[in-house]
Every structure is written in C-alpha cells, then in structure tokens.
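Dear colleague,

I am passing on the structure we spoke about, and my notes on it follow below. Please read them with the structure open beside you.

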Amino acid sequence: GLIPNCAEAGVIGVLPGIIGTMQANETIKLLTGIGEPLINQLLTYSTLSNDVYKLKITAVHGTALLIPANRAAFENMDYDWLCGSSTPSSFEITGDVFDQLRALASVVVIDVRETGEYPRIDEFPCLQIPLATLEKNSNLVTTDVVITVCQSGQRSLQAAKKLNAIFGTTKSVYSLQGGILAWKRHHEKQLQ
C-alpha cells in the first residue's frame with residue numbers, strides 16, 4: 001500500500017520544529033558558503049528512533065526541461081498539474097501546458113490517429129504513429145518528453161499509458177486532454 005502523508009498519519013508535535021531548524025541550518029550554509037549543504041541529497045529523520053539517513057538523488061531525464069526559462073514562464077506554469085501525484089490520470093495535460101511543453105527543445109508530439117484523419121495538424125511538427133502500431137514503433141521516440149495527441153483525447157491517453165509502460169521513468173509521457181479538436185477550438189477563440 002501507499003505510505004500515508006503527514007495530514008493522514010499525523011505528526012509528533014516537535015517534528016516540525018526539528019525539521020524547520022534543520023532547514024534553517026541548510027539556508028545558513030548556502031548563504032555563507034560554509035559546511036556541506038545537502039545538495040542532491042535527501043535527509044530523512046525519525047523522531048521515534050533518532051535515526052538519520054542521507055540518500056544521494058539524481059534528476060530523472062526531462063526534469064530540467066520543466067524548469068521555467070524566465071519569470072513569466074514561472075508565473076504561468078500550471079503547478080497543480082506539475083506537482084500532482086503520478087497516477088495514470090496525471091498523463092493528461094491541458095492545452096496551456098501542452099503549449100508550454102512544446103516550446104521545449106527535447107519534446108516530440110505523436111499523432112496516434114490513423115493516416116488521413118481530420119483535422120490535420122499544421123500548427124506544429126509531429127510524428128504520425130497510429131495507436132495500433134505504436135508499441136512496435138516505440139524506437140522512433142528518441143526525446144525525453146513525449147506528448148500524444150488524437151481527435152478527442154481518448155486514444156492519446158491509451159497511447160500515453162502504453163508508452164509509459166514501455167519507457168517507465170526514462171521518459172516523461174503525456175496526453176493532450178480533449179484532443180486536437182479542443183486545442184484548435186481554444187486557439188481559434190484566442191485569435192478572435
């Protein structure tokens with residue numbers, strides 16, 4: 001099962017003070033340049049046993065691509081989506097997040113509709129790999145971030161789940177919510 005979070009399991013009253021003091025100490029080390037800050041490390045502390053563990057951590061491929069390029073990008077980032085839990089439904093992204101991710105260099109958009117389906121996608125480059133052939137053509141996906149699209153968002157969600165099963169944590173896989181129809185309608189309204 002899942003490990004309950006603090007809101008579910010509760011916290012011993014002194015723990016926030018202990019952890020807060022440790023965080024303040026890390027800030028002092030960073031600002032003054034003294035000591036060894038916990039950069040790329042995770043510190044765990046148990047109040048029940050006073051055990052402390054340090055784990056080295058590394059970023060998953062594609063993480064750096066999600067760092068906003070400037071203040072405007074930071075303010076416009078959809079943090080509810082970005083920081084949400086990694087459940088199968090979190091594969092879906094809104095049209096605004098889709099536009100933000102497409103602006104990144106290491107992203108491929110895959111149209112999983114059958115050849116010849118309308119509306120055509122002329123607004124951005126994309127690979128045409130029908131859902132039925134996606135698994136055997138997964139070797140064509142060479143970028144860290146993959147976004148699948150289709151007519152209404154149903155097939156692309158299936159495709160995102162299939163690609164996630166193939167690539168696991170080596171790639172970030174998403175599906176455009178509402179499909180290309182909803183995305184085009186949204187953009188047409190913005191142009192009016």
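Strand β6 (residues 145–149) and strand β7 (residues 172–176) pair in the parallel sense through 4 bridges, where strands are DSSP E runs of at least two residues and helices are H or I runs of at least four, numbered from the N terminus, and where two strands pair if DSSP finds at least two bridges between them. Within this pair, Val-145 stands opposite Ser-172 in β7. Both strands belong to an open sheet of 5 strands in the order β3-β7-β6-β4-β5, with parallel pairing; its edge strands, β3 (92–93) and β5 (127–128), each pair on one side only.

Please bear in mind that this is a predicted model, in which local features need pLDDT of at least 70 and side-chain atom pairs count only at pLDDT 80 or more, while totals for chains, interfaces and linings use all residues. Residues are numbered from 1 along each chain as its sequence is written, and side-chain values use heavy atoms, leaving out hydrogens and water.

As for the cysteines, a search of the whole structure finds 0 disulfides, a disulfide being a pair of cysteine sulfur atoms within 2.5 Å. Cys-150 counts as buried because its relative accessibility is 0%, whereas Cys-126, at 30%, counts as partly exposed; buried means under 20% relative accessible area, exposed over 50%, and partly exposed in between, with a 1.4 Å probe and protein chains only.

Finally, Ile-12 lies in the loop between α1 (6–9) and α2 (15–32), and its 41% relative accessibility is why Ile-12 counts as partly exposed.

Best wishes
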